[in-house]
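Work through the exercises below with the sequence and the coordinates at hand. Each task is followed by a stepwise solution.

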Amino acid sequence: MEQFQWSWPKAINRTQVQHLFRLDWVAEQGNVVFLGTVGVGKTHLATALGYAACLKGLSVRFATAIEVVNALVAAERAGRLKQALESYRKPSVLVLDLCAVTGYVE
C-alpha cells in the first residue's frame with residue numbers, strides 16, 4: 001500500500017480503506033466491494049487486501065469474474081457444480097475482479 005496514490009482519485013476515503021486492512025470483516029464473514037471507474041485502483045486495493053490476508057495466515061483465492069463464470073458453467077456441464085461452488089466458498093478471502101478484459105461464456 002506504500003505505492004498507492006492516495007491523492008488521486010480525490011473521492012477515496014483513505015481512513016476507511018486503511019481500516020479494511022485490519023481484516024475485521026473476515027471474521028465477521030463480511031464483504032468488501034470496491035466500485036469506481038476504470039483506473040482508480042480497485043484491483044490494486046483488492047489484491048493488497050488479499051496479500052494482507054495471506055500475511056495473517058488466512059486462505060485467499062483470487063480470480064476474475066469471467067474465470068469464475070466459465071469454471072462454473074463447465075462444472076455444471078460436467079455434473080460437478082456443487083464441488084466447484086465449494087472451491088470458491090472454502091477460502092477465508094475470495095477476491096473477485098471484474099476486469100475490463102472480456103472473456104468467453106457459452
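This is a predicted model: local features need pLDDT of at least 70, side-chain atom pairs count only at pLDDT 80 or more; totals for chains, interfaces and linings use all residues.

**Exercise 1.** Find which residues of H4 are buried, and what they pack against.

Solution. Buried means under 20% relative accessible area. In H4, Val-68, Leu-72 and Ala-75 are buried. They lie on the same side of H4, because the arc they cover around the axis is only 65°. The general rule is that an α-helix has 3.6 residues a turn, so residues three or four places apart point the same way. The buried residues of H4 pack against E1, E2 and helix H5 (81–89).

**Exercise 2.** Classify the packing of H4 and H5 as roughly parallel or roughly antiparallel, and describe the contact.

Solution. The axes of H4 and H5 are 8 Å apart, at an angle of about 155°. Angles over 145 degrees count as roughly antiparallel, and H4 and H5 are therefore roughly antiparallel to each other. From H4, the contact involves Glu-67, Val-68, Ala-71, Leu-72, Ala-75 and Glu-76; from H5, Leu-81, Ala-84, Leu-85 and Tyr-88. Eight of the residues in this contact are nonpolar, two are charged and none is polar.

**Exercise 3.** Which residue just after H4 takes a positive phi?

Solution. Just after H4, Gly-79 has a positive phi of about 75°.

Technical notes. Residues are numbered from 1 along each chain as its sequence is written. Side-chain values use heavy atoms; hydrogens and water are left out. Buried means under 20% relative accessible area, exposed over 50%, partly exposed in between (1.4 Å probe, protein chains only). Helices (H or I, at least four residues) and strands (E, at least two) are DSSP runs, numbered from the N terminus. The arc is that of the directions from the helix axis to the C-beta atoms. Contact means heavy atoms within 4.5 Å. Axes are lines fitted to C-alpha atoms, for helices over the stretch in contact, and angles run from 0 to 180 degrees between N-to-C directions. Angles under 35 degrees count as roughly parallel, over 145 as roughly antiparallel, 65 to 115 as roughly perpendicular and the rest as oblique. Ala, Val, Leu, Ile, Met, Phe, Trp, Tyr, Cys and Pro count as nonpolar, Asp, Glu, Lys and Arg as charged, and the others, Gly among them, as polar.
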